[in-house]
Amino acid sequence: MPTQYEDERSWETSNAQYDDDNGEDVIDNPEEVLQECLEKFKTPDYIMEPGIFGQLKRYFQAGGNPEQVIEQLSNNYSAVAQMANLLAEWLILAEVKVTEVQAMVENHLKEMIIKTFDPKKADTIFTEEGETPAWLTEMIEHPTWRSLIYRLAEDYPDCLMLNFTIKLISDAGFQGEITSISTAAQQIEVFSRVLKSAIVGFLQSSDDWQNSVNECAKMVCHGAHTYVYSQVIVHILSQEQRGGSIMKRLSQEITKCAQQSGHDVTPITLALTAGESWRGARTALAAMLSRGALNPADISVLFRAYNQPEPPPVHLLRIPQFLELLVDSLYKLGSKLNPEHKSKYTYLLAYSASVCEGVTPGKPIKDELKPTLQAIEKIHAVCCSSVSSSELIAELPSLYHCIRFPVVGMGVLVWVECVVTEPSYFKLCTEHCPVHLALLDEVASCHPLLHHRLLKLLIKLFESKQEDLEILVQLELRKMLLDRMVNLLSRGCVVPVLLYIKNCTSRGDVDLSLIRYFLTEVLDAIAPPFTPEFVQLVLPMVENEEITGTMRAEGENDPVSEFIVHCKAHY
């Protein structure tokens, strides 16, 4: 049966024919045509259909009665669209905002379309009409209707019309909106644009880079084909001199996301890693990565390979998943490590963290290997000794010295996280600032790249329920943790810390005295000039009378008033 869109096209075509042969079209079965047309004329509001003129022409050519068609169309005219327009005008006259009225109409239309959408009928638009309807091109210019297309594309991924519309949206430059659309993954042109937008978003992000990475990784991990395609593209970009290391990090984050989703991507990871000639080392590595666990046999294979005069390339060991397994095996509480093989674990970790490739292939530079290995072994011995806090104080000088090594800083962070998240830790702690958390201050000072993970730990502790402690003791504990956050802020982790405190204030689930304490410490530690982003985050909290009202003195000599006056004058 011809659709309304085909009807409209046939009307235009018929007009041309009419001009040529005075409208003498031949009707093979007039009775059938008349019955078909009358059935359509009986449907509600058929006079509003785009194909009405084509059907009228067919009806009259088949010898139809004009009075009958007029009666059919007028009796079945409900004027739904006109009534909707009239109601909209009444609402506007009743002083409802035009934008609100438009939103009401559009949202109702969206609900009706979602409820009644038929993908098979939608596909006939292209199979029968043969070209892109003008209304579809106009439709994708509006955000409301693009969002409708995205919603329908999720529900009907096999609909040809929706897939084509997604491509139109991408061609129109709106690919940034469809990063989470599964339909985009079915068309390489669309997916390539979406991937480009995601990578650009990652490169342009600063303090919010983790969210950009997560969004990009989630989109890439949609399917095996999108993962392989994206990783190959990112791998090629990682070979560039400029920005190659950033793309390498993005590739690693995507791999991590895939692993967290339960996918074994080890074969793909190793396929994109050079060193194909070292089959023994690659096989041992692949076995451990696929299982997500280390074992002495495969570790021994790697240990022997990296003790040869011409060892494999060091980047084989620098796969993040393998490094995490090594760190956890050496520093995580409760990990069982065979003493006979411990030296192999520490050697491989030290080698991966300190050795770099030399100018001559097979001749790596090992100048930092020995001191790194000594630092790893020293901290490992302390972590395994189960010393008390008082005994740990005696080890602080050597601990602070070893923490300067990035790999040791990571190990200390893993160890401290295991210790302080024990349910009874703060219950048995007597110091105002436990030694373990003091070590984290040193980690924050030495290793900016660990700030994100360190902040996550402090937030976890700050939000933990310490129900065994008295209320006042809980408040003092949280003040101590806020001190650690202020220290982290002073070391450069400014925006993430302030965003968290701002969210605490917005949620209203944190005692205002704690927010007041935090702001007091921050105002004592800062001095102009400030960035606009810093002012945007801090000023609303400082201006809040409920928080800082008791902190203000007469005049403008207190830190709160001085900060407000400075911000008002310069921003």
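A search of the whole structure turns up 13 aromatic pairs. Here, rings of Phe, Tyr and Trp (its six-membered ring) pair if their centres lie within 6.5 Å; planes under 30 degrees apart count as stacked, over 60 as edge-to-face, and the rest as tilted. Two of these pairs are set out below.

| Pair | Centre to centre | Angle between planes | Type |
|---|---|---|---|
| Phe 117 and Tyr 156 | 5.3 Å | 45 degrees | tilted |
| Tyr 425 and Phe 426 | 5.0 Å | 80 degrees | edge-to-face |

Please keep in mind that this is a predicted model: local features need pLDDT of at least 70, side-chain atom pairs count only at pLDDT 80 or more, and totals for chains, interfaces and linings use all residues. Residues are numbered from 1 along each chain as its sequence is written, and side-chain values use heavy atoms, with hydrogens and water left out.

Let's start with Phe 117 and Tyr 156. Phe 117 sits in the loop between helix H6 (98-116) and helix H7 (119-129), while Tyr 156 sits in the loop between helix H9 (143-155) and helix H10 (160-171), so their pair ties together parts 39 residues apart in sequence. Helices are DSSP runs (H or I, at least four residues), numbered from the N terminus. Phe 117 is buried at 15% relative accessible area, whereas Tyr 156 is partly exposed at 25%. Buried means under 20%, exposed over 50%, and partly exposed in between (1.4 Å probe, protein chains only).

In the other tabulated pair, Tyr 425 and Phe 426 are both buried. Elsewhere, Phe 41, Tyr 46, Tyr 59 and Phe 60 form one aromatic cluster.

Finally, Leu 87 belongs to helix H5 (residues 80-93) and counts as partly exposed, with 45% relative accessibility.

Technical notes
Helix = DSSP H or I, 4+ residues; strand = E, 2+ residues; numbered from the N terminus.
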